[in-house]
Amino acid sequence: MEDAEAPQRKGPVRISRKNQITLPVALLRKIGLRPGDVVDIADEDGRIVISRHRSRFEGVVGTVPGFTDAVDVESSRDSWQ
């Protein structure tokens with residue numbers, strides 16, 4: 001069980017020669033990000049803001065009949081004729 005109130009690392013982080021930084025894993029877990037997730041990066045008033053990428057279709061999937069995450073095109077092909 002993770003402590004939701006675990007102390008968060010604050011302070012300076014060094015940027016590597018490849019322009020990379022390491023984000024604290026506790027912070028990533030707190031906001032629900034995992035390795036491989038896609039994020040958006042923006043400049044807001046001189047701050048770098050990292051947020052979870054939201055697909056423009058995310059709110060639509062499941063609301064329109066036949067519009068789902070995965071479609072087996074081969075099995076659906078017969079119904080198109």
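The conversation below goes through the labels one at a time.

Modeller: Ground rules, then: this is a predicted model, where local features need pLDDT of at least 70, side-chain atom pairs count only at pLDDT 80 or more, and totals for chains, interfaces and linings use all residues. Residues are numbered from 1 along each chain as its sequence is written, and side-chain values use heavy atoms, with hydrogens and water left out.

Colleague: What makes up the order of elements in the protein chain?

Modeller: From the N terminus on, it's α-β-β-α, with two helices and two strands. Helices (H or I, at least four residues) and strands (E, at least two) are DSSP runs, numbered from the N terminus.

Colleague: Why does A42 count as partly exposed?

Modeller: Buried means under 20% relative accessible area, exposed over 50%, and partly exposed in between (1.4 Å probe, protein chains only). A42 has 33% relative accessibility, so it counts as partly exposed. A42 sits in strand β1. Leaving aside neighbours within four places in sequence, A42 is in contact (heavy atoms within 4.5 Å) with R47, I48 and V49.

Colleague: And why does L23 count as partly exposed?

Modeller: L23 has 35% relative accessibility, so L23 counts as partly exposed too. L23 is in the segment before α1. Setting aside neighbours within four places in sequence, L23 is in contact with L28 and I50. As for the protein chain, 1% of its 81 residues count as buried.

Colleague: What makes something a pocket here?

Modeller: On a 1 Å grid over the protein atoms alone, a pocket is an open set of points with protein on both sides within 12 Å along at least five of seven lines, and lining residues have an atom within 4 Å of a point. The largest pocket has a volume of about 620 Å³. Of its 20 lining residues, those closest to the centre are I21, L23, L27, I48 and I50.

Colleague: Which element supplies the largest share of that lining?

Modeller: That's β2, with four residues.

Note on methods: On a 1 Å grid over the protein atoms alone, a cavity is a set of points where a 1.4 Å probe fits but cannot get out, and a pocket is an open set with protein on both sides within 12 Å along at least five of seven lines; lining residues have an atom within 4 Å of a point. Grid points are joined across faces, edges and corners, and a volume is the space filled by probe spheres set on the points.
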